[in-house]
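Please read it alongside the sequence and the coordinates.

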Amino acid sequence: MKQIKYQLKNKMKVLFVQSKKSPVISVQMWVRTGSADEKKSEEGISHFIEHLVFKGTEKFKVGEIANLVEASGGELNAYTSFDQTVFYVTISKSFSDVALDVVSQMMGYPTFIPSEIDSEREVVCEEIKMGQDSPGRRSSQLMFSSAFHKHPYGLPVIGYEKNVRSWSAKKIKQYYQSRYVPSNMFLVVSGDFEIPEMKQKVQKYFAGFEPFKLKKVKRITEPKQNKFQFKSAKYQLQDQHLHLTFKAPNVKSKDVPALDILSMVLGQGDSSLLVKKMRLEKALVNSISAFNYNPQDQGLFAISAHYQEEKFTEVAEEIFKQIAFIQNNPPSWDEIKRARISISSEQFYSIETVDGLANKAGTLEFYLDDADGHKKYLAAINKLEPKDIQKVAKKYLKLDQLSASYLGAIDKAASEKKLKTLPALWKKTVVSAKPVEVKNKKIVIPKLMPKAKKTNTDAPVEKIILKSGIKVLFKQVDDIPTVSSKFVFRGGARLETPDTMGLSDLATRSWLSGTANRNEAQLLKSIEELAMGLSPFTGKNTFGFSVDYMTAFEDKALNLALEAMTESPFSTEVIAREKLVMAQQIKSKEDHPSSLCVRQFMKTMFGSHPLAYEGSGTLKTLENINRPEILEVKDQMLSPKNLTIAVVGDFNKKAWLKKIEELEKRLNQNAEVSGPHILPALHENRSAFLEKDKEQSHVIIGWRGLSITDPDRFALQAIQAILAGQGGRLFYELRDKNSLAYSVSPLKMESLETGYFGGYIACSPEKVEKAIEMFQIEFQKLVKEKVSLDELDRAKRYLIGQHDIGLQRKSALCNLLVFDEVYGNDYRQSLQVAAEYEKVTQDKIKQLAESLFTKPHVVSIVGKKL
């Protein structure tokens with residue numbers, strides 16, 4: 001990997017990150033302006049401009065930018081944050097000119113046509129409404145506004161509807177020309193390219209940017225906080241959201257590495273203090289985490305908890321106890337080891353994709369003016385000792401720096417009364433705490449550093465079938481020293497009944513409750529000390545384990561995986577705890593109308609078939625499932641002839657085969673998995689409506705689709721590509737032309753007996769009828785008219801490009817191999833998918849559309865009644 005940085009004559013900086021591991025590039029433009037640079041009445045204008053540059057430039061009309069990128073197999077998007085705005089395209093290296101051209105046009109030559117601005121106002125207002133319906137977004141905004149009373153970090157990035165509706169084209173253009181100037185931008189290009197050639201291309205596309213004068217902005221400084229402060233809001237929720245934040249330094253502070261480790265020790269990972277005490281041991285919360293946020297200006301150290309019922313005092317007191325513990329007792333060397341290895345391992349996974357490379361380099365360049373700054377950061381991390389973590393805990397986690405926010409269903413007066421008790425609780429819990437004598441012997445912590453290695457990504461897939469029936473697929477990819485693997489058994493929801501829905505989910509949640517020689521805490525600690533991903537999973541048709549690790553820890557990781565998979569005690573205490581959490585999460589689904597819309601759609605579409613089963617079950621079915629049912633389904637699934645394994649990465653094949661032979665002996669040799677389920681017929685159109693008092697209504701319209709092995713699945717993927725993306729029919733017709741929504745997309749699912757295909761939209765309630773009508777029009781167009789050759793070719797190139805971009809990650813390649821093998825598809829078709837898409841014709845698209853979209857359909861709506 002090679003990096004260079006230089007500057008164009010117009011003062012635009014350029015950063016190249018060359019990597020030959022995949023034939024893909026990422027082009028990103030970072031603009032040093034964000035919502036925190038906006039003045040009064042400008043709140044949200046940066047985010048609005050982010051939308052508008054896609055709506056036409058001197059060279060491209062509305063929709064042409066997205067269409068060109070997607071027709072070249074690429075993907076494009078943008079985001080706005082407090083400090084920056086970033087625009088990016090990821091694409092095959094053979095289409096690098098397309099990426100450079102569209103990014104240069106958006107950033108140098110937008111037209112800001114008044115009619116298009118007016119059209120996009122509606123889209124952004126729909127996005128604002130979507131945020132108002134999102135508990136997470138509401139909660140996050142409340143957290144920042146409770147901590148920042150003057151500084152613009154306390155304001156929403158997206159702004160306000162009244163502002164969006166007020167700005168003229170002249171105002172928008174003036175703002176753009178004052179901040180989006182070459183001296184205030186830098187370009188990042190990462191991936192597979194030749195540096196001299198790329199320099200010439202950058203000169204061609206970006207050197208002509210007009211060097212408008214940068215309008216410098218001085219942000220409002222947040223007054224020094226010297227006492228506890230709080231903020232609350234009432235919102236109809238099943239969960240209650242509590243955020244406790246402490247003022248933290250900006251990104252350039254020397255304390256950032258220690259604060260990052262503090263956040264991991266306190267609230268990241270199952271063996272962290274807060275998760276272990278409050279989620280695993282006491283089940284006080286549905287979730288809890290800690291994070292350290294260090295932006296351009298003053299940041300936050302935050303602890304966030306979601307919980308139900310009247311647990312406010314218990315939750316706050318336990319958080320304070322753990323803060324007191326870390327302030328009075330330095331973390332153990334084991335905890336330092338876990339945090340160091342976890343942070344160090346991130347350097348391997350963050351460079352799997354060209355996007356990851358560009359994001360990492362761009363972030364470091366933006367905040368530190370040093371694209372290689374991660375080396376200094378890791379050096380600082382590796383020097384930290386327990387006393388350093390204790391020191392920053394004392395320095396920053398203080399009552400006079402604490403801001404609390406609460407979002408829940410109780411009245412504001414009642415919630416404020418609760419929040420006002422926090423200072424007294426702090427004094428009782430934190431101030432009076434005493435040190436505890438704990439032995440803390442220093443240990444050797446390995447340093448993980450990437451080593452240059454000749455990349456081998458062309459090794460063939462090797463398939464081995466053991467005598468017992470276990471199928472193993474090996475694919476050597478040794479570009480970085482990591483391994484991704486999957487152990488997949490047929491099972492999942494197919495082994496449940498209407499009375500035992502949630503059984504597979506409960507099994508996955510309680511599987512890591514220990515082993516023969518480790519209790520739950522010891523097992524989770526061992527996993528995290530290896531920075532290893534070991535997690536059970538389940539779905540409609542399968543059950544299994546994901547095992548991801550770094551090559552340096554292969555022997556330990558394989559031993560631990562085998563132990564965890566085959567020795568679970570399924571502790572009754574853990575099962576009881578997880579049932580409680582599942583019950584809380586089932587209730588919390590009522591806070592998410594999009595999830596309710598999907599649930600309603602699946603039930604209406606598939607009736608009593610397992611495809612309609614609730615993954616987490618219902619409050620009623622949870623009563624029917626306990627340890628005996630879990631053991632029964634485990635014995636039914638875990639047999640050699642029911643197991644397929646895929647291993648992708650830099651691994652030792654002999655070590656793997658030896659470990660698989662050990663696994664083979666521990667499995668049930670006589671297990672049998674049930675066959676297909678009867679699918680109830682759908683004879684007529686059906687509709688379902690659930691009333692929810694929300695800003696937006698959520699709508700799904702869909703038809704029965706294809707099975708997962710149907711040879712027409714590639715043609716259906718082409719139909720999806722014709723409808724999907726920013727250049728697709730649904731986005732163009734329903735969003736770009738009619739401004740019905742911010743979020744609109746096709747939906748597709750394939751399973752063993754059948755699947756579904758349809759469309760989803762979230763829009764204002766008064767737009768629902770028109771949205772359904774327009775969905776019908778678009779699907780019937782596919783039935784009545786052949787798609788053009790140009791549109792079909794665009795869809796094929798888009799699918800091929802997305803396939804190549806997606807397979808940069810080892811986990812994606814692993815999933816492709818293992819699930820194709822499990823379901824009986826030929827993985828070679830999926831690896832060489834271009835040949836399959838070339839077989840898709842205009843006639844095939846029309847025939848498939850006729851066979852699907854002339855049949856009965858289902859409409860699911862969740863929202864207000866008009």
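How many residues make up the hairpin that joins strand 9 to strand 10? The link has 5 residues. The model behind this report is predicted.

## Strand 10 and its partners

Strand 10 spans residues 299–307. Of its 9 residues, 8 are buried, so the strand is mostly covered. Its pairing with strand 9 is antiparallel and runs over 7 bridges. Serine 287 in that pairing has histidine 306 of strand 10 as its bridge partner.

Strand 8, residues 240–248, also pairs with strand 10. This pairing is antiparallel too, with 9 bridges. Here glutamine 240 stands opposite tyrosine 307 of strand 10. Strands of a sheet pair through backbone hydrogen bonds, in either a parallel or an antiparallel sense.

## The sheet that begins with strand 1

An open sheet of 6 strands has the order 1-2-6-3-5-4. Its pairing is mixed. Strand 1 (2–7) and strand 4 (75–80) are the edge strands, and each pairs on one side only. From one strand to the next, the twist averages 15°.

Inside this sheet, strand 3 (residues 24–31) and strand 6 (residues 185–191) run antiparallel. They are joined by 7 bridges. Methionine 29 has leucine 187 in strand 6 as its bridge partner. Helix 1, residues 45–52, packs on the sheet. The helix touches strand 4 and strand 5 (85–92). Its direction makes about 165° with that of strand 4.

Another open sheet of 6 strands is ordered 12-13-17-14-16-15. The pairing is mixed. The twist averages 15° from one strand to the next.

Strand 13 (residues 471–476) and strand 17 (residues 643–649) run parallel. The join consists of 6 bridges. Leucine 473 stands opposite alanine 646 in strand 17. Helix 18, residues 503–510, packs on this sheet and touches strand 15 and strand 16 (542–550). The direction of helix 18 makes about 165° with that of strand 15.

## A buried glutamine

Is glutamine 322 buried or exposed? Glutamine 322 counts as buried because its relative accessibility is 6%, below the 20% cut-off. The residue lies in helix 11, residues 312–328. Setting aside neighbours within four places in sequence, glutamine 322 is in contact with Leu266, Leu273, Leu274 and Lys277.

## The second largest pocket

The second largest pocket holds about 1,100 Å³ of space. Its lining has 37 residues. Closest to the centre are Val251, Val256, Asp260, Leu364 and Tyr377. By class, the lining has 15 nonpolar, 14 polar and 8 charged residues.

Which element gives the largest share of this lining? Helix 13 does, with 7 residues. Elements that each supply at least two lining residues include helix 9 (256–267), helix 12 (333–349), helix 13 (354–368) and helix 14 (373–381). Strand 9 (287–293) also supplies at least two.

## Cavities

Rolling a probe the size of a water molecule over the atoms shows where empty space is left. How many cavities of 30 Å³ or more does the structure hold? There are 2.

The largest cavity has a volume of about 60 Å³. Its lining consists of Phe487, Leu558, Ala561, Leu562, Met565, Trp656, Lys659, Ile660 and Leu663. By class, 8 are nonpolar, none is polar and 1 is charged. The second largest cavity has about 40 Å³ of space. Leu52, Lys55, Gly56, Thr111, Phe112, Ile113, Glu116 and Ile117 line the second largest cavity. That lining has 4 nonpolar, 2 polar and 2 charged residues.

Note on methods. Residues numbered from 1 in each chain as written. Predicted model: local features only at pLDDT ≥ 70, side-chain atom pairs only at ≥ 80, totals over all residues. Heavy atoms only, no water. Pairing = 2+ DSSP bridges. Helix = DSSP H or I, 4+ residues; strand = E, 2+ residues; numbered from the N terminus. Axes fitted to C-alpha atoms, helices over the stretch in contact; angles between N-to-C directions. Contact = heavy atoms within 4.5 Å. 1 Å grid on protein atoms, 1.4 Å probe; cavity = no way out; pocket = protein on both sides within 12 Å on 5 of 7 lines; lining within 4 Å. Points joined across faces, edges and corners; volume = space filled by probe spheres on them. Nonpolar A, V, L, I, M, F, W, Y, C, P; charged D, E, K, R; others polar. Buried < 20%, exposed > 50% of the residue type's maximum accessible area, 1.4 Å probe, protein only.
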